[in-house]
Amino acid sequence: MKNRKPTASFAPQEVRRFILPLTFASVTIFFGIIADNLLNSSLRDYTLLAYASLAIIYTMIASLLIARTTNFSVTYGWANSILSGIGLGFLSFFLPNQLQEASHVLVVFGVVAVATVSGKSRAYVTILLSLCISLLHKLPSLRGIERVLEFLVPFVIAIIVSEAFFMIKNTTQQHIHRLETINKVSRQMMLTLDTEQTMSLLNATIQDALEADTYFVGIVKDSEIHLDLFYDDGEYFNGMQVPIDGTLSGWVIKNQRELFLPDLREDVQLEGVQRFVIGREKTSLSWMGVPMKAENVNGVIALASYNPNAFDQADMELLSNLAQHITLALDNTIRHAQVEEQARLDSLTGVYNHGYFLKRLAEQAEETSSTNTPLSLIMLDIDFFKQYNDTYGHLVGDRILNALCTAIKRHIKQADSVGRWGGEEFVISLPGATGEQAMLVAQRVSETMASLRVEDREQRTVPVPTVSQGIAVFPGEANEIYRLIDLADRRLYVAKERGRNQIEPEMSHWQN
């Protein structure tokens, strides 16, 4: 993964802030040249006066254009670099020897100004033009290495200062770009309440702001670190887990401390940590990780490289900043998911409530219709539950309701659903199950209920009530979910009329 460094110029207001002191210094030097010529010269050089005056006018006009033009580089960039190069070159023609130092300073100022406003290539055009024009004037006097070096000094300094400026500019812009990227993605993360989308935003941010061969986000689940996002050498790995004990990530999580290891060729002096290779069979030589800790989040975000010393402290600070944003964002998504889940569930039993079960049943019916498979529905009611509550109390009744839901969940698949229809009545959907298969589930639920042991407040064993059940199949017996529910409900009451603790229809119905 290559880091995409920004290549854009500084913003206009940033250029103006930088150019203002250069303009002031340059104009001051030219005024000094004029004053020196007027006050100290017995024979005034009117050509020098005119040239200095033109230089002041040009400098002021250029500064004014920069201040008023939003894209000076595009509009005037090449013209500015050429005129600056010619002007700086002609300094050698007009300035007397005692003012040559001023010309050296102006060459450096001019080149830096062009570099700031118009970019690197145009700055070198300015240097080349000024060097060539100056050489025409100075060539006859360049005798010996000392004179040549003296002549080249301002141009060499201009190149060094320009290169230093471009390095600082690139570093500054890269830092600004990183901060802007993180601020932008943090705002987007705060607006999304979906964990997958949050991870996608994080992935794009790391790709854009950092350079790494490997990166991952690990969340602690069931005493392991689950890598919800894991990228290694151009490939994404899903569903991977690593142990907490013995790993760098585990050390970060356990100690809740950042870990910066610029060169893993050296021994890692961390208690209990061993080398642990995940993803591709390649060993990382640089590694840094930051803990993520919030009410609903406990994990780590880490970057690694196959090269030593691939990261610096600026990268570590950036990762730490990013970890804070992703931790808050993930905590928000988990909170939202918990609230949504609570809104779907019955508060007492933890199964789907009436409204959400209907929604889920409609989705399952649509899925089974598209695959041409059946969907069986079981309506289930606890027999004589009102009398049971009156006899043993509502606390024991609540235990029975929870025990029934536990028994149902024990005998259904993850794709199946169970909901509380109301009071002591429950409903079970079995996508892909035939009536005969639903019958087997109903029988197992009845058998499990019969084997339960329930105690009252005084720890005395109380009898467990029986259940009656009605089964219907979509779309063979009813081609619409409300008709399916109505049919299962009617059969439930038939089971009660047959003496309760019954399943309607009987197995022979499905076998025939």
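## Salt bridges

Asp263 is buried, since its relative accessible area is 14%. In this predicted model, Asp263 is joined by a salt bridge to Arg265, with 2.8 Å between the closest N and O atoms. Arg265, by contrast, counts as exposed, because its relative accessibility is 56%. The count of salt bridges comes to 20.

A further salt bridge brings together the side chains of Lys496 and Asp383, at 3.2 Å from N to O. This pair links distant parts of the chain, 113 residues apart: Lys496 belongs to helix 14, and Asp383 to the loop between strand 8 and helix 11. Lys496 is classed as buried at 10% relative accessibility, and Asp383 is buried as well, with a relative accessible area of 3%. Asp416 and Lys413 also form a salt bridge, their closest N and O atoms lying 3.7 Å apart. Of these two residues, Asp416 is buried at 8% relative accessibility, whereas Lys413 is partly exposed, with a relative accessible area of 48%. Elsewhere, a network of salt bridges links Glu295, Asp331 and Arg335.

## Nonpolar cores

The largest nonpolar core holds 33 residues, and those touching the most other members are Ile378, Ile400, Leu404, Ile408, Leu430 and Ile471. At least two residues of this core come from each of strand 8 (375-382), helix 11 (385-392), helix 12 (394-410), strand 10 (425-431), helix 13 (435-450), strand 13 (467-474) and helix 15 (507-511). Apart from this core lies another, of 30 residues, which includes Val185, Ile206, Val290 and Ala323. In soluble globular proteins, nonpolar side chains tend to be buried together.

Which residues does Ile408 touch, not counting those up to four places away in sequence? The contacts of Ile408 under that condition are Leu380, Val418, Ile428 and Val445.

Strand 10 is mostly covered, with seven of its seven residues buried. Glu425, Val427, Ser429 and Pro431 point one way from strand 10, while Phe426, Ile428 and Leu430 point the other way, and all are buried. In a regular strand, side chains alternate between the two faces of the sheet.

Strand 10 pairs with strand 8 in the antiparallel sense over seven bridges, and Leu377 stands opposite Ser429 of strand 10. Strand 10 also pairs with strand 9 (residues 417-422), again in the antiparallel sense, over five bridges. Within strand 10, Phe426 is the bridge partner of Arg420. Strands 9 and 10 form a hairpin with two residues between them, and Gly423 in the turn has a positive phi of about 60°.

## Backbone geometry

Most residues other than glycine have a negative phi, and most peptide bonds are trans. Phe384 has a positive phi of about 50° although it is not a glycine. Phe384 lies in the loop between strand 8 and helix 11 and is partly exposed, with a relative accessible area of 48%. Arg500, likewise a residue other than glycine, has a positive phi near 65°. Arg500 is located in the loop between helix 14 and strand 14, and its relative accessibility of 26% places it in the partly exposed class.

Where are cis peptide bonds found? One runs from Phe474 to Pro475, with omega near 0°, and Pro475 lies in the loop between strand 13 and helix 14 (481-497). Another joins Glu504 and Pro505, with omega about -5°. Pro505 is found in the loop between strand 14 (503-504) and helix 15.

## An exposed glycine

Gly234 occupies the loop between strand 2 (224-232) and strand 3 (235-236). This glycine is exposed, with a relative accessible area of 55%. The C-alpha atoms of Gly234 and Leu201 are separated by 17 Å, and the two residues are 33 residues apart along the chain.

Conventions: Residues are numbered from 1 along each chain as its sequence is written. This is a predicted model: local features need pLDDT of at least 70, side-chain atom pairs count only at pLDDT 80 or more; totals for chains, interfaces and linings use all residues. Side-chain values use heavy atoms; hydrogens and water are left out. A nonpolar core is a set of buried Ala, Val, Leu, Ile, Met, Phe, Trp, Tyr and Cys residues joined through side-chain atoms within 4.5 Å. Buried means under 20% relative accessible area, exposed over 50%, partly exposed in between (1.4 Å probe, protein chains only). Helices (H or I, at least four residues) and strands (E, at least two) are DSSP runs, numbered from the N terminus. Contact means heavy atoms within 4.5 Å. A salt bridge is a side-chain nitrogen of Lys or Arg within 4 Å of a carboxyl oxygen of Asp or Glu. Two strands pair if DSSP finds at least two bridges between them.
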